[in-house]
Amino acid sequence: MAKKTLKRKALFITFEGGERTGKSTHIKFLAKLLRKRGLSVKRFREPGSTKLSEQIRKVLLYSKRGIAPETELFLYCAARAQFVKEELFKALKKYKVVICDRFSDSTLVYQGYALGLGIKKISTVVKLACQGIKPDLTFVLDVAPKKALLRIKRKKDRIERRPLKFHEALRKGYRVLAKKEPKRIKIIKADGDKARTHKQIAEVVNLKIKPCRKKICQ
């Protein structure tokens with residue numbers, strides 16, 4: 001029997017990048033910009049956005065016990081599967097634009113590349129958790145890891161405490177994905193010049209929504 005495809009009207013945009021690259025700031029900017037142009041926008045974060053997924057998030061970020069890379073992989077995918085089923089399917093049918101702080105690319109890079117499980121090896125379980133959904137556009141916010149980690153002024157979470165070598169691997173991993181999917185994944189410098197970063201994001205989104213004749217400009 002043929003698999004049914006999701007009938008959706010939303011443009012699905014995700015923001016990716018290493019730790020403290022400014023995803024929340026730039027997501028807020030884009031959502032505000034889109035709403036000014038009359039488009040309905042829904043924002044989410046991963047892992048999270050449902051009660052169960054938020055509980056899993058706490059374990060992943062603040063557990064005092066060691067978590068094996070394989071366990072980490074399945075926890076992230078479990079949180080995502082719940083989020084997709086409970087929230088994302090509905091949002092993609094209801095809104096014009098859905099923006100998510102992280103999605104499947106994070107798992108491929110963090111667990112597949114930086115933790116060494118292998119991007120190809122884990123792709124099947126990552127796809128299963130996504131349940132057929134893939135972003136239309138992905139922004140990877142690029143900041144030198146050493147510089148980005150200096151932005152942390154509070155107590156670091158479990159992921160942020162990992163060695164600099166891990167964070168540098170994340171940056172390389174995102175570049176590997178961007179090279180494979182240059183039409184979807186756009187690497188944007190986010191090293192402190194917010195105006196420049198915002199302009200670059202707006203320009204890329206303009207091209208995506210051009211068929212709808214809803215130009216987004218700063």
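Predicted model: local features only at pLDDT ≥ 70, side-chain atom pairs only at ≥ 80, totals over all residues.
User: Which residue forms a salt bridge with Glu 46, and how many residues apart in sequence are the parts that the pair ties together?

Analyst: The partner of Glu 46 is Arg 80, with the closest N and O atoms 2.6 Å apart. Glu 46 lies in the loop between β2 (41-45) and α2 (51-62), whereas Arg 80 belongs to helix α3 (residues 69-94). The pair therefore ties together parts whose separation in sequence is 34 residues.

User: Is Arg 80 buried or exposed?

Analyst: Buried means under 20% relative accessible area. Arg 80 has a relative accessible area of 2%, so the word for Arg 80 is buried.

User: What relative accessibility does Arg 45 have?

Analyst: Arg 45 meets Glu 54 in a salt bridge, at 2.8 Å from N to O. Glu 54 counts as partly exposed, at 23% relative accessibility. Arg 45 also counts as partly exposed, and its relative accessibility is 36%.

User: Which residues do salt bridges that share partners join into one network?

Analyst: Let's start with a pair: the side chains of Arg 196 and Asp 191 meet in a salt bridge at 2.7 Å, N to O. Asp 191 is partly exposed, with a relative accessible area of 32%. As for the network, shared partners link Asp 105, Lys 134, Glu 181 and Arg 184.

Definitions and conventions:
Residues numbered from 1 in each chain as written. Heavy atoms only, no water. Salt bridge = Lys/Arg side-chain N within 4 Å of Asp/Glu carboxyl O. Buried < 20%, exposed > 50% of the residue type's maximum accessible area, 1.4 Å probe, protein only. Helix = DSSP H or I, 4+ residues; strand = E, 2+ residues; numbered from the N terminus.
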